[in-house]
Amino acid sequence: MPTYNKYHQTSLSLYGLSKQTFPHAQYEVILVDDASSDNTPNIVKEADVPFKFKYIRMKKNKGRSSVRNIGINHAEGDLLIFLDGEMLAPPAFIENHYKHHVHESDLVVTGAMHYEGVYTFIMPDYNEDQMAHLKELVGRDPEYRRLYENYEQTKRHSNVPYPLVTKEDVDTNRFQRLSFPNRYFLNSGLKHFGERLEGFTLPYIAFLSGNVSVRKANLKKSGLFDETFVGYGAEDWELGYRLYKNGAQFVLDPSTVAYHQEHGISKRKVKEQWGNHYRFVKKHPNIDVLILSLEWKELPFMHMHQTLVEYKALEKRFPDEYNELTHAF
């Protein structure tokens with residue numbers, strides 16, 4: 001679990017991981033703190049967890065790829081689950097990831113396609129859309145509505161996260177009343193390919209490092225995260241692409257979903273995403289990577305898939321013709 005300046009949410013995430021149905025003696029949690037300037041270092045003293053817990057703190061901010069690689073290198077287990085520091089995992093989360101890997105060795109299992117968001121805190125950097133969305137969700141529960149109204153009256157201009165969800169709410173699943181689905185990938189047509197993405201030409205986009213599992217041996221074979229990717233975006237797809245090229249089978253399982261605790265959205269995010277996408281296509285100038293650029297024109301993944309299917313059919317039909325067009329495409 002990488003984390004950076006998300007002390008409150010990471011504390012709640014660790015609590016969720018302490019409530020797993022999987023035997024506590026058989027998993028470890030590695031939290032890699034990417035030089036947070038908030039109270040994250042206090043988690044070591046505060047965390048009362050039943051599993052083996054490793055806390056690693058960076059002296060300087062290293063970025064997502066680097067800290068995940070540090071986590072991989074410190075992991076004792078054969079199976080790795082990548083989980084962002086603000087992800088709240090339901091009790092059967094680890095067990096449901098694990099069961100897929102028992103009888104197959106080349107799987108990548110993801111719950112990220114069945115994305116669930118949740119507002120556990122009112123964060124000071126929420127934008128207007130997030131606040132409007134939260135105001136709508138608190139109407140589902142009188143206690144959450146009361147907390148929200150108290151925030152509006154007394155804490156509105158506070159610069160500190162305002163708690164909505166407690167540990168007791170995690171125990172009783174009450175927090176789900178502040179949750180919502182965001183099926184960005186599945187609504188793009190992926191659900192038509194089934195749990196194993198049979199026939200889908202871009203399966204590697206399922207490697208989303210906020211919630212994905214893979215055997216360490218497969219990572220060693222394909223290589224770890226590319227640390228030249230700095231900032232947000234594409235570093236997980238790039239690793240997923242290498243796993244795909246090495247024969248990994250991708251599995252989408254809604255039972256491995258975790259809840260993303262919503263936070264403010266950095267204004268740098270889109271610029272970083274552009275830069276890393278460009279790095280990705282420069283590193284792998286192949287048609288099944290280049291085609292992802294259509295996402296920037298807001299075309300769905302199904303459109304990319306169908307275009308790629310047609311392209312490959314034409315390439316097979318005319319292997320020695322239209323070379324200039326092939327190159328330009």
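Which helix gives the most to the lining of the largest cavity? Helix α8 (residues 216-222) does, with three residues. The model is predicted, so to speak of local features a pLDDT of at least 70 is needed and side-chain atom pairs count only at pLDDT 80 or more, whereas totals for chains, interfaces and linings use all residues. Residues are numbered from 1 along each chain as its sequence is written, and side-chain values use heavy atoms, with hydrogens and water left out. Helices (H or I, at least four residues) and strands (E, at least two) are DSSP runs, numbered from the N terminus.

**Cavity and pocket**

- On a 1 Å grid over the protein atoms alone, a cavity is a set of points where a 1.4 Å probe fits but cannot get out, a pocket is an open set with protein on both sides within 12 Å along at least five of seven lines, and lining residues have an atom within 4 Å of a point.
- Grid points are joined across faces, edges and corners, and a volume is the space filled by probe spheres set on the points.
- A search of the whole structure finds one cavity of 30 Å³ or more, and the volume of the largest cavity is about 40 Å³.
- The residues lining the largest cavity are D106, N218, K221, S222, L243, N246, G247 and A248; by class, two are nonpolar, four polar and two charged, where Ala, Val, Leu, Ile, Met, Phe, Trp, Tyr, Cys and Pro count as nonpolar, Asp, Glu, Lys and Arg as charged, and the others, Gly among them, as polar.
- The second largest pocket holds about 760 Å³ of space, and of the 30 residues that line this pocket, Y27, E28, L79, L80 and I81 are the closest to its centre.
- At least two residues of the lining of the second largest pocket come from each of β2, α3 (64-74), β4 and α4, and β4 provides the largest share, five residues.
- By class, the lining of the second largest pocket has 20 nonpolar, four polar and six charged residues.

**The sheet of β1, β2 and β3**

- Three strands form an open sheet in the order β1-β2-β3, with parallel pairing, where two strands pair if DSSP finds at least two bridges between them.
- Because β1 (2-3) and β3 (52-57) stand at the edges, each with a single partner strand, one side of each is left without a neighbour in the sheet.
- Strand β2 (residues 28-33) pairs with β3 in the parallel sense over six bridges, and Y55 in β3 is the bridge partner of L31.

- E86 is found in the loop between β4 (79-83) and β5 (87-88), and E86 is buried, with a relative accessible area of 8%; buried means under 20% relative accessible area, exposed over 50%, and partly exposed in between (1.4 Å probe, protein chains only).
- E86 and Q9 are 77 residues apart in sequence, yet 5.2 Å apart in space, C-alpha to C-alpha.
- Not counting residues up to four places away in sequence, E86 touches K6, Q9, S13, Y259, H260, Q261 and H263, a contact being heavy atoms within 4.5 Å.
- The side chain of E86 makes polar contacts with the side chains of H260 (3.2 Å) and H263 (3.2 Å); a polar contact is a pair of N or O atoms within 3.5 Å, and within protein one must be able to donate a hydrogen and the other to accept it, while residues adjacent in sequence count only if both atoms are side-chain atoms.
- E116, in strand β7 (residues 116-118), counts as buried at 14% relative accessibility, and its side chain is joined to that of R183 by a polar contact of 3.1 Å.
- With neighbours within four places in sequence left aside, E116 is in contact with S179, F180, P181, R183, V257, A258, Y259 and H260.

**Helix α4**

- In helix α4 (residues 93-101), F93, I94, N96, H97, H100 and H101 are buried, and what covers these buried residues includes α1 (7-17), β4, β6 (107-110), β11 and β12 (249-252).

**Positive phi values**

- L197, in the loop between β10 (179-181) and β11 (211-215), has a phi near 55°, a positive value in a residue other than glycine, and counts as buried at 4% relative accessibility.
- E298, in the loop between α11 (287-290) and α12 (301-317), has a phi near 60°, a positive value in a residue other than glycine, and counts as exposed at 75% relative accessibility.
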